[in-house]
Amino acid sequence: MNTTFLPEEIIYKAEEQWIAEKIGELSGGKFKVSENQKEKSYHKEYLHIIEKNEWNKINFHFELYWYNGKPLSKADKITVFAHLETQHLKDTELNQKARGKFGLSKGNTLEKEIIFPDFSSESKATETIRHIVEILNTEKFQKYARIADECLKELF
């Protein structure tokens, strides 16, 4: 019998790919893991989720964040954020205008909610991801998606 042991990095990438596919599937294609995120090598502690590619112009995104350098499937809790990372905008004037539209003077967190995931089985993992998608679809998170759309029209 020939047994192959896969390095942790490959296992974690496969888990994140499954999670990314489930996010897309359970949201009916509305949400997806950012293409920039997919291109990175194995990473721990965050996943950027976008609803529209155009948001990259102002760097608005949703984010799953967990702690202690574990893979997502081993996380004890996940914080779901609506984020505006305006520090990546090179144009200071646009940066200030975008932050102002979102009501931010400091920091980049617009909204957050903490969940306690269960990845003990495929069905429980699917329910955890379904819960994340439901949070992203709530009014308190989606209002920032509408603001992002307005910013794009006004700023670009």
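Residues are numbered from 1 along each chain as its sequence is written. Because the model is predicted, local features need pLDDT of at least 70 and side-chain atom pairs count only at pLDDT 80 or more, while totals for chains, interfaces and linings use all residues; side-chain values use heavy atoms, with hydrogens and water left out.

**The sheet.** Select the strands (DSSP E runs of at least two residues; helices are H or I runs of at least four, and both are numbered from the N terminus). Five of them form an open antiparallel sheet in the order β1-β2-β3-β4-β5, where two strands pair if DSSP finds at least two bridges between them. β1 (32–33) and β5 stand at the edges with a single partner strand each, so one side of each has no neighbour in the sheet. Contact means heavy atoms within 4.5 Å; axes are lines fitted to C-alpha atoms, for helices over the stretch in contact, and angles run from 0 to 180 degrees between N-to-C directions. Now zoom in on β3 and β4, which pair over six bridges in the antiparallel sense. Leucine 64 stands opposite valine 80 in β4.

**The core.** Next, select Phe60, Phe62, Leu64 and Phe102, which touch the most other members of the largest nonpolar core, a set of 40 residues. Such a core consists of buried Ala, Val, Leu, Ile, Met, Phe, Trp, Tyr and Cys residues joined through side-chain atoms within 4.5 Å; buried means under 20% relative accessible area, exposed over 50%, and partly exposed in between (1.4 Å probe, protein chains only). Around phenylalanine 102, show its contacts, including Ile58, Leu84, Tyr144 and Cys151.

**Helix α3.** Select Leu94, Asn95, Ala98 and Arg99, the buried residues of α3. They cover an arc of only 130 degrees around the axis, which puts them on the same side of α3; the arc is that of the directions from the helix axis to the C-beta atoms. These buried residues pack against β4 and α5, whereas the face turned away carries the exposed residues Thr92, Glu93 and Gln96. After α3 comes glycine 103, with a positive phi near 75 degrees.

**Glutamate 63.** Finish in strand β3 (residues 60–65), at glutamate 63. Glutamate 63 counts as buried because its relative accessibility is 6%. Its side chain makes a polar contact with that of histidine 61 (3.2 Å).

Note on methods. A polar contact is a pair of N or O atoms within 3.5 Å; within protein, one must be able to donate a hydrogen and the other to accept it, and residues adjacent in sequence count only if both atoms are side-chain atoms. Lists of a residue's contacts leave out its neighbours within four places in sequence.
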